[in-house]
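Let's go through the pockets and the salt bridges of this one. Have the structure open as you read.

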Amino acid sequence: MNKNMPVSLVKAVYEDPKVVARYRSRELLGAEDMLVKRFIPKGGHVLDIGCGTGRTSFPLNDMGYSVVGIDLSSWMIKVAAEEAEKRV
């Protein structure tokens, strides 16, 4: 992120409903899947920085990893929390 760009601008972009909708996918990309399997031990812990709506957090959890996700966008966190509630 450009250090001259205000955090409020970044948050505004990632709280746009159209942007949030694009992040509702719940799958790892091929390269992500390969890297996780190669470098993170089974059952390991993952900090998903910039987790958005959980696009990578939920698949990692489904694979047996302990995942904590954080994000600047309260809207995306809300979407992720709603999905997490459905999974309980």
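## The second largest pocket

Sort the lining of the second largest pocket by class and you get seven nonpolar, four polar and one charged residues. Keep in mind that this is a predicted model. The space in this pocket comes to about 210 Å³.

Who lines it? The residues are C51, G54, S57, F58, N61, V67, G69, I77, A80, A81, A84 and R87. The biggest contributor is α5, with five residues.

## The largest pocket

The largest pocket holds about 390 Å³ of space. It has 21 lining residues, and those closest to the pocket centre are I49, G50, C51, G52 and D71. Two elements, α1 (7-14) and β1 (45-49), each give two or more residues to this lining.

Which element has the largest share of the lining? That's β1, with four residues. By class, the lining splits into twelve nonpolar, four polar and five charged residues.

## Salt bridges within α5

Now for the charged pairs: the structure has five salt bridges. In one of them, E82 pairs with K78, at 2.6 Å from N to O. These two sit four residues apart in helix α5, so about one helical turn separates them. E82 is partly exposed, because its relative accessibility is 37%.

E83 and R87 make another salt bridge, with 3.1 Å between the closest N and O atoms. This pair also lies in α5, four residues apart, or about one turn of the helix. Buried or exposed, where does E83 fall? With 18% relative accessibility, E83 counts as buried, while R87 is partly exposed at 37%.

## A link between a loop and α3

What about R55 and E32? Their side chains form a salt bridge too, at 2.6 Å from N to O. R55 is in the loop between β1 and α4, whereas E32 belongs to helix α3 (residues 30-39), so this pair ties together parts that lie 23 residues apart in sequence. E32 is partly exposed, with a relative accessibility of 23%.

Technical notes: Residues numbered from 1 in each chain as written. Predicted model: local features only at pLDDT ≥ 70, side-chain atom pairs only at ≥ 80, totals over all residues. Heavy atoms only, no water. 1 Å grid on protein atoms, 1.4 Å probe; cavity = no way out; pocket = protein on both sides within 12 Å on 5 of 7 lines; lining within 4 Å. Points joined across faces, edges and corners; volume = space filled by probe spheres on them. Nonpolar A, V, L, I, M, F, W, Y, C, P; charged D, E, K, R; others polar. Salt bridge = Lys/Arg side-chain N within 4 Å of Asp/Glu carboxyl O. Buried < 20%, exposed > 50% of the residue type's maximum accessible area, 1.4 Å probe, protein only.
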